[in-house]
Amino acid sequence: RGLALLGAVGLLGALAAGAGAARLLPIGAAFQAKQLAAWVHGAGRSPEAVLAEDLDPGELSALLRLCRPTLDPPDPTGVARARSRVPGLVEREVVFRPGLGATVAIGELAPVPAPAPVPPPADPAALWPEGERVDPAAAAAALPGLDRARLEAALDRAFAEPEPDRPRRTRAVVVVAGGRVVAERYAAGFHADMPLLGWSATKTIAAALVGVLVRDGRWELDRPVPVPEWGPGDPRAAITLRQLLQMQSGLEFAEVYSPLTDVTTMLFGARDAGGFAASKPLAHPPGTAWSYSSGTTNILCRAMRATLGDDASWRLPRDALFAPLGMRSARIELDAAGHFVGSSFGWATARDWARFGLLWVQDGVWQGQRLLPPGWVELCRTPAAHSDGQYGGHVWLRLRSARLPDVPALPADAFHASGHEGQVITMIPSRGLVVVRLGLSRHRNWVQEHLVDDVLEALGPGG
């Protein structure tokens, strides 16, 4: 009887493992195909580099070894497809569309017009940010307290690998002070014209778009936004824009980057990311608990489309932000239902991420034009209740690395757009400073405060 019991337990374990793999493989295949299409067709990297670095099964999941990726060349319109399949079990397809990026094809893709390109700068030879010319030496000369040798040493440390078995993989650093780029550097295989994935730093773009709708009177902070699933009598219908902005919706959502959790299922297994999140029940009464949630951001992005309609919502990022800022490389990718996945899928060059950071440092004003409503930056920088002072309105006020020992304290007005695997745009208005760092740090071993502290030391007290 004992052997029979052990055999039964073993069989149940095998069945459970098989069921888990059956649920996991579609997510893994979609992730593999999407990353491959986005990086190759959207950023110009080689498939070999993406498979070896970004999709290494040894760092992600051994199940990826079962997946067989293929990548089609673009057709005459620039559309390309990528697939990942486990023979006999699962296949996932991703469609890459110029200007729109890569979308997991779950069902038929919603028809979306190709976005008009952001107009080129009036004078491409002008200094950044008005144009594309970067002259760190001239920019540094305008900051008499700047120690250029110390600044270069700060970048040396940012790109160093002190623990080779736990690589940090810094790919790009851009430092802006005095309104100009004073330093930048790229890892081998990356360059200034390559769009890079911001992961959850995209949430701060969503916060800016929310600000635009508030500025234009389309949304009010203490009123709900349109969510069709939350009908009359549903307690979720009382959730306000402010509560969504500050991650206090009370909705159940597991923000854990491991297979089969809410966030990975939403991003790589749901046709409608915002709809997936909106279907979640309340875990707490709205406004009584803080919980970081990518689902919350995608509810907001879906509501933007419900408010503005298809054409206006699809044009919103370009018209309201990217074109005025000159962020010609920027895009936010869509889900299959045609909504922006503003939680996670924003791409831009490091210089364009720096432009976005500079907008926040300048209180939402760009070249004399107010893009964000008065007080919006301060509102987003106000700590959300129940967040222990670490989070505001879709921006981090204190990075999670601040809990580590020996992490330097930053100026009190520092805040951050921060994403998975060490994507960080740090903004310090009192110093006119933006520090962009993009990379592939999977071991939670990137500490942004070290880089920013090194930069502050190089700038000196008046920098």
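Colleague: Does helix 9 pass helix 10 in a left-handed or a right-handed crossing?
Modeller: Helices are DSSP runs of H or I with at least four residues, strands are E runs of at least two, and both are numbered from the N terminus. A crossing is left-handed if the near helix is turned anticlockwise from the far one by less than a right angle, and right-handed if clockwise. For helix 9 passing helix 10, the crossing is right-handed.

Colleague: What kind of model is this, and which pLDDT do local features need?
Modeller: Residues are numbered from 1 along each chain as its sequence is written, and side-chain values use heavy atoms, leaving out hydrogens and water. The model is predicted: totals for chains, interfaces and linings use all residues, side-chain atom pairs count only at pLDDT 80 or more, and local features need pLDDT of at least 70.

Colleague: Are helix 9 and helix 10 parallel, antiparallel, perpendicular or oblique?
Modeller: Axes are lines fitted to C-alpha atoms, for helices over the stretch in contact, and angles run from 0 to 180 degrees between N-to-C directions. Helix 9 (residues 294–308) and helix 10 (residues 310–325) have axes 7 Å apart and pack at about 130 degrees. Under 35 degrees is roughly parallel, over 145 roughly antiparallel, 65 to 115 roughly perpendicular, and the rest oblique. Helix 9 and helix 10 are therefore oblique.

Colleague: Which residues of helix 10 make that contact?
Modeller: Contact means heavy atoms within 4.5 Å. Helix 9 supplies M304, R305 and L308, and helix 10 answers with D310, A312, S313, W314 and L316.

Colleague: How does helix 5 lie against helix 11?
Modeller: The axes of helix 5 (residues 202–215) and helix 11 (residues 350–361) come within 12 Å and cross at roughly 45 degrees. That angle makes helix 5 oblique to helix 11.

Colleague: Which residues of helix 11 does helix 5 meet?
Modeller: Helix 5 passes helix 11 in a left-handed crossing. From helix 5 come T202, T204, I205, A207 and A208, and they meet W353, F356 and W360.

Colleague: At what angle do helix 5 and helix 9 cross?
Modeller: The crossing is left-handed. K203, A206, L209, V210 and L213 of helix 5 meet S294, T297, L300, C301, M304 and L308 of helix 9. The two axes come within 11 Å, and the crossing angle is roughly 35 degrees.

Colleague: How many residues of helix 13 are buried?
Modeller: Buried means under 20% relative accessible area, exposed over 50%, and partly exposed in between (1.4 Å probe, protein chains only). Helix 13 (residues 448–459) has 12 residues and reaches 17 Å from first C-alpha to last. Helix 13 is mostly covered, and its buried count is nine.

Colleague: Which elements do the buried residues of helix 13 pack against?
Modeller: The buried set includes L451, V452, V455, L456 and L459. Its partners are helix 4 (148–159), strand 5 (170–177), strand 13 (423–428) and strand 14 (433–439).

Colleague: Where does the cis peptide bond next to P129 sit?
Modeller: The bond joins W128 and P129, with omega about 10 degrees. P129 is in the loop between strand 4 (101–104) and helix 3 (136–141).

Colleague: Is D406 buried or exposed?
Modeller: D406 is not a glycine, yet its phi is positive, near 65 degrees. It lies in the loop between helix 12 (376–380) and strand 12 (415–419). At 73% relative accessibility, D406 is exposed.

Colleague: What is the relative accessible area of D363?
Modeller: D363 is another non-glycine with a positive phi, about 60 degrees. Its loop runs between helix 11 and strand 10 (365–366). D363 is partly exposed, at 34%.

Colleague: Which residues does G287 touch, beyond those up to four places away in sequence?
Modeller: G287 lies in the loop between helix 8 (273–278) and helix 9. At 24% relative accessibility it is partly exposed. Its contacts are Q243, Q248 and H386.

Note on methods:
Expected span 1.5 Å × (residues − 1).
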